[in-house]
Amino acid sequence: MKLEHLAVGGAGGNAPQHTLTFADGLTVVAVNDATTGRQVADLVGHLVYGARIEGPHLSDATRTGHVDIASRQGRFRLARQVQPVHRGAQSLPRLTVAALEGQPAHPDTTRDLLAGITPEIAARLFVLQSSGEEQTRWLLSEELAAAMHAMERAPHDLQPIDAPSLSTDDLFALRDRLSHRIEMLLAGKRLKSAELEATIADLNGQAESVEQFLDDHRRQLDSVLGQLTELETQLRYRELSEFVGRATDEAHHQQQQPRLDDLDDQITKWRQALAELEGRDAQVRYRLTLLHPDDSSPLLPLADQRACMSIAQRLVADLDSEVARYARPADSADCLCRNTHARLHPLVDTLGQQVTKLTKLVAQYEAAIEVEQLRSEAGHLARSQASLRETIDHLLDRRQSYLRTSRSRRHTDSDVAVPGELSQLHTSLELRRTELQSLVADAEERLNELTARRERTSRERAELLRDPELVRLREELEDVNHQLELGRTQAASRLVPTSRWRASDILAKLTDGRLRELRLTDQGRRVVVTSREGVAVPHHALSEVDRRLVTISLQLAAVAGATRWGYDLPLIAADPFADLPATSAAILALVLLDWAREGHQVLLVTAARPVSDRLRAVGQPIVHWDTTTSIPTPPPVVVSTPAAEPIIALHDADTYALELGDSIERFSVFGEDTTRLFDEVGIRTIAELLDANADEVAHQLDRTGITSSIVELWQTHVSMLTYIPNLTLSDVQVLTGAGVRNLNQLADADAEALYAAICEYFESPQGTRHQVLRKGLGPRTVRHWIADAARTRYRWESTPYAARTPRTTTKQSPSRGPKLRGGRAAKATNSKVTRRTTTTKSTRPLRFRLSRSSAVVDAPSVGPKLAKRLAKLGIKTVADLLEADAARTAAELKANHVNAEKIVAWQHQAQLICRVPELLARDAQVLVGCGFTTPEDIATAKPADLLEFAKSYTTTPEGTRALRGADAPDLARVTNWVYWAGHRRALEAA
């Protein structure tokens with residue numbers, strides 16, 4: 001049997017005042033007082049087991065209600081209603097049972113739901129409450145022993161009512177037959193499925209071919225359409241050009257025409273000159289051809305002439321000598337005349353030949369000279385022709401330019417008519433486009449047909465596995481397997497040892513090993529307990545707390561025994577922690593949690609806050625009774641007509657890790673010193689931490705590494721744990737590490753972007769310590785966080801904390817924040833306004849943070865340790881500090897780091913905060929360090945000049961210590977200093 005749903009109140013068809021959905025394991029309900037807890041447990045225990053815990057005197061809120069349960073027989077509603085019959089002054093409730101699903105209710109339904117256990121036994125065994133001597137005697141009684149013996153020996157009562165009376169062998173045979181029929185049926189369907197699969201593959205191949213054909217022809221069609229568009233553009237441009245040509249300005253044409261005529265004349269003249277030069281060039285080249293210019297080099301005949309002249313000179317010399325001989329007297333004895341002719345004849349011939357050759361050489365030389373002249377003339381003619389051609393081209397360009405500027409055209413029929421090539425191209429493109437469009441339409445129709453056939457075949461193949469006969473056989477097989485598994489489970493449960501849940505083991509856990517063993521004597525009617533030291537202590541000699549723990553151990557061991565035999569009924573714990581020490585209560589809570597984690601259902605109703613805190617610390621959701629959801633009651637269920645109650649999505653399991661009224665001890669950022677340190681700065685509850693100013697808290701704590709940004713981060717953690725349900729401190733630390741700074745930002749965040757930011761945070765050095773959470777954290781968890789934040793946004797927005805946005809800490813990368821969908825959260829994220837550190841002129845009146853009557857510990861630069869030393873000197877208030885003699889005080893303190901100059905600086909700082917509103921301790925320290933010791937000096941200073949002084953001071957070691965990790969003042973902050981100083985007050989008024 002499993003508890004499903006609880007509704008409290010709602011008599012007469014009214015809506016229930018409280019509703020609760022039970023978990024399959026442990027359900028913890030936290031109530032504000034023990035009376036309410038007993039009344040809630042009384043209702044559930046009375047409905048399920050008939051157990052009365054609170055007695056007949058009940059509040060109106062818990063007099064009526066119902067519990068929905070699920071069992072093998074079906075789903076039932078057990079209700080308690082108030083009868084109009086009065087005995088004395090009280091109304092007696094009446095219990096009813098109604099079927100929601102399955103078999104109809106009958107008089108023995110309650111006994112069947114309890115698996116045959118009598119309500120008297122079940123009420124005392126499965127309801128755990130504040131134990132006493134009477135419960136101990138009952139646990140050791142013959143009545144319970146007989147009932148337990150009957151449970152052990154009667155397993156048949158646990159079988160389902162409608163279970164078939166088949167043996168295990170018959171069930172195995174039936175399972176084999178069903179499996180064979182399913183396999184044969186599947187074999188035929190596999191063959192049919194293979195055929196359909198082949199058909200689908202063929203259709204896919206055809207579809208791919210058609211798609212390829214379609215894509216190719218679509219590309220061709222796009223190309224043809226592009227060509228047609230380009231051609232039509234050209235035709236339109238031609239038509240426009242013709243239209244513009246017909247509208248030529250005739251006046252401009254007449255103005256340009258003389259220039260065109262003059263250019264035509266010049267072009268004609270130069271063309272004639274060019275023709276003459278080309279004729280002369282032809283003659284020169286013909287003459288050169290005749291003269292053989294390759295053999296007419298002037299150097300060759302010149303050398304020959306020199307050789308010929310040398311020979312002629314020798315011949316002349318010889319001739320002179322012969323002539324001289326003729327000049328001798330004729331009567332000489334030796335007369336040579338007779339041989340003169342013979343000697344002169346060859347000489348004369350040779351001389352004649354040389355003269356002839358010399359004549360030819362002269363002619364060749366003249367020809368060579370002429371060749372050189374002709375070549376020179378030919379080069380000159382070529383250059384002249386090139387120049388003339390350039391001149392003619394220039395004139396033609398000028399003429400073309402005049403033609404364009406004149407915009408004068410003569411339109412002929414050939415100009416107006418569309419060329420035949422363009423007309424033919426346009427016609428062919430039109431035909432091609434029509435053809436391609438037809439092919440594309442046919443291909444699309446074919447593709448649609450193939451797609452439809454493929455979808456029909458796929459549906460037919462899918463229907464093979466949804467055959468009603470196959471579904472029926474599978475259901476029968478599943479039912480047979482369930483019966484076999486149930487038989488094995490029950491058989492195994494009878495054999496499983498109960499060593500984990502022996503009374504001795506449970507008692508050792510509850511006493512943390514102080515009491516180690518529990519033994520029964522006197523035929524099981526008395527109890528003897530063995531201590532850690534081995535001393536046997538009778539039950540009556542134990543303390544009252546130990547006797548209660550013994551009773552609880554005996555009852556839990558009896559419940560474990562009944563469960564081992566198959567009687568797995570819900571355990572109802574009605575605040576069994578009353579008068580137990582905190583340690584024992586926390587251990588008992590963990591024992592109940594271990595029992596639930598083994599698959600058993602437990603309802604724990606408690607008013608003990610330490611128990612709730614302990615369970616919450618180990619991840620157990622806590623349901624606060626005051627925040628359970630109120631929903632409309634379904635129509636009354638008629639007993640004779642089974643009807644299913646509508647399933648309504650509830651948020652009964654919403655648990656908030658913190659509440660505003662909780663002690664600051666629950667936010668243990670300093671471990672065991674949390675309460676003491678926060679108490680020193682006046683913070684004792686969660687609400688006071690949220691209300692506090694981060695800068696003041698950081699200054700007053702005076703601890704290394706604790707800056708205003710860290711305090712703001714604490715406030716963010718606390719606010720999210722207080723106003724967003726189902727979050728743990730580790731969850732909040734991961735969210736803030738990913739850039740989330742308040743509930744609105746989480747509610748408006750994009751789930752994917754936030755999950756990516758969280759993953760990035762896990763990879764960062766800061767996120768390494770949370771790597772253990774990464775395994776169980778996915779997009780689904782992030783979506784639940786966002787949904788919870790959006791659902792409870794109204795609670796956050798109704799508080800004054802929603803208007804304040806924390807600064808981004810220096811450790812957080814700006815790029816790691818999640819992307820928002822806009823709205824309030826986006827504005828909050830981009831805001832640069834710090835929490836309550838600056839006050840605009842229109843939000844609220846200016847306030848002074850220090851007065852002369854304030855304790856000296858509140859003064860700047862004075863911490864708790866120094867304040868104690870000053871108190872010994874009689875300096876207990878700020879006024880005492882202002883009036884103290886600096887030199888004498890420094891001498892009496894006897895501290896090496898404190899001198900008269902430093903005490904004077906403290907006095908100036910305290911005086912500034914007393915007189916200037918909204919000024920922080922670090923502001924006063926920076927101002928005094930810059931030399932501005934009076935409000936008048938600050939009020940008359942220019943913000944830009946004051947900012948320069950502040951920047952110079954904050955770069956020094958002393959200035960860095962004054963900031964305590966906070967950001968250096970900017971122009972906006974310094975401007976506020978000047979504005980606040982203008983609203984100063986007299987010191988006597990402080």
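Three bridges join β7 to strand β11 (residues 571–574), and the two strands run parallel. Within this pairing, L128 stands opposite A573 in β11. The model described here is predicted.

**The parallel sheet**

β7 and β11 belong to an open sheet of 5 strands with parallel pairing, in the order β7-β11-β12-β3-β13. β7 (127–129) and β13 (622–624) are the edge strands; each has a single partner strand, so one side of each is left without a neighbour in the sheet. From one strand to the next, the twist averages 20°. Helix α15 (residues 582–597) lies across β3 (26–30), β7, β11 and β12 (602–606), and runs at about 155° to β12.

**The antiparallel sheet**

Another open sheet has 3 strands in the order β8-β9-β10, with antiparallel pairing. Its edge strands are β8 (515–521) and β10 (536–538), each of which pairs on one side only. Here the twist averages 30° from one strand to the next. β8 pairs with strand β9 (residues 526–531) in the antiparallel sense over 6 bridges, and L515 stands opposite S531 in β9. Helix α13 (residues 503–510) lies across β8 and β9, running at about 145° to β8.

| β7-β11-β12-β3-β13 | parallel | 20° |

**The α29 and α30 contact**

Helix α29 (residues 886–893) packs against helix α30 (residues 900–915) at an angle of about 120°, and their axes are 8 Å apart. The crossing of α29 and α30 is right-handed. On the α29 side, the contact residues are A886, A887, T889, A890 and L893, which meet A900, I903 and V904 in α30. By class, this contact has 7 nonpolar residues, 1 polar residue and no charged residues.

**The largest pocket**

α30 also takes part in the lining of the largest pocket: α17 (674–680), α19 (694–701), α27 (864–872), α30, α31 (921–929) and α34 (957–963) each supply at least two residues. The space in this pocket is about 1400 Å³. Its lining comprises 42 residues, and D702, S861, V862, G863 and R964 lie nearest the centre of the pocket. By class, the lining has 16 nonpolar, 13 polar and 13 charged residues.

How values were computed. Residues numbered from 1 in each chain as written. Predicted model: local features only at pLDDT ≥ 70, side-chain atom pairs only at ≥ 80, totals over all residues. Heavy atoms only, no water. Pairing = 2+ DSSP bridges. Helix = DSSP H or I, 4+ residues; strand = E, 2+ residues; numbered from the N terminus. Axes fitted to C-alpha atoms, helices over the stretch in contact; angles between N-to-C directions. Contact = heavy atoms within 4.5 Å. Left-handed = near helix turned anticlockwise from the far one by under 90°. Nonpolar A, V, L, I, M, F, W, Y, C, P; charged D, E, K, R; others polar. 1 Å grid on protein atoms, 1.4 Å probe; cavity = no way out; pocket = protein on both sides within 12 Å on 5 of 7 lines; lining within 4 Å. Points joined across faces, edges and corners; volume = space filled by probe spheres on them.
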